[in-house]
Amino acid sequence: ENVRESDIVGRLGGDEFAVILTQGDREEALEKATTLMRIIESEPLEWNGISIPLRLAFGAYTFQGGDDAGDALAAADRAMYAQKHAQKEVSTR
């Protein structure tokens with residue numbers, strides 16, 4: 001309910017998911033990723049009566065028509081790990 005019908009959402013594996021925004025630019029991708037992160041983090045996961053807070057990191061990449069899909073995914077993955085690293089630095093201060 002938080003993405004457009006034209007967007008594609010899928011699980012890459014493990015705890016990694018991708019959202020492909022059609023007809024979007026980098027700013028829209030960052031805004032959508034931030035919005036989705038806030039929505040997901042705002043409600044803890046309930047499991048066996050235990051409330052588990054969720055924390056997310058995301059990476060955004062603007063796919064160009066001639067880009068290789070694997071390279072695009074790798075670039076988004078690098079961006080996600082850079083964000084995770086930045087979050088760790090902030091939380092240890």
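Strands are DSSP runs of E at least two residues long and helices are DSSP runs of H or I at least four residues long, both numbered from the N terminus. The structure described here is a predicted model, in which local features need pLDDT of at least 70 and side-chain atom pairs count only at pLDDT 80 or more, whereas totals for chains, interfaces and linings use all residues. Residues are numbered from 1 along each chain as its sequence is written, and side-chain values use heavy atoms, with hydrogens and water left out.

The protein has two helices and four strands, which follow one another from the N terminus in the order β-β-α-β-β-α. Taken along the principal axes, the box filled by the C-alpha atoms is roughly 45 × 35 × 25 Å. Of the 93 residues, 13% are buried, where buried means under 20% relative accessible area, exposed means over 50%, and partly exposed lies in between (1.4 Å probe, protein chains only). The protein exposes about 7,300 Å², and carbon and sulfur atoms supply 54% of this area, as computed by the Shrake-Rupley method with a 1.4 Å probe, with only the protein chains shown counting as cover for residues. Among contacts (heavy atoms within 4.5 Å) between residues at least 6 apart in sequence, 34% join residues at least 24 apart. The protein carries 10 positive and 17 negative side chains, and the centres of the two sets lie 6 Å apart; Lys and Arg count as positive and Asp and Glu as negative, without His and the chain ends, and each charge is placed at NZ of Lys, CZ of Arg, CG of Asp or CD of Glu.

Within α2, the residues Ala72, Ala75, Ala76, Met80 and Gln83 are buried, and what covers them includes β2. Ala79, also placed in α2, is partly exposed, with a relative accessible area of 26%. Leaving aside neighbours within four places in sequence, Ala79 is in contact with Phe58, Gly59 and Ala60. The C-alpha atoms of Ala79 and Tyr61 are 7.9 Å apart in space, although the two residues are 18 apart in sequence.

Tyr61 is also one of the contacts of Asp67, which touches Tyr61 and Thr62 when neighbours within four places in sequence are left aside. Asp67 lies in the loop between β4 and α2 and, at 24% relative accessibility, counts as partly exposed.

Two further loop residues concern the backbone. Most residues other than glycine have a negative phi. In the loop between β2 and α1, however, Gln23 has a positive phi, near 55°, and this residue is exposed, with a relative accessible area of 77%. Asn48, in the loop between β3 (45-47) and β4 (50-52), likewise has a positive phi, near 50°, and counts as exposed at 63% relative accessibility.
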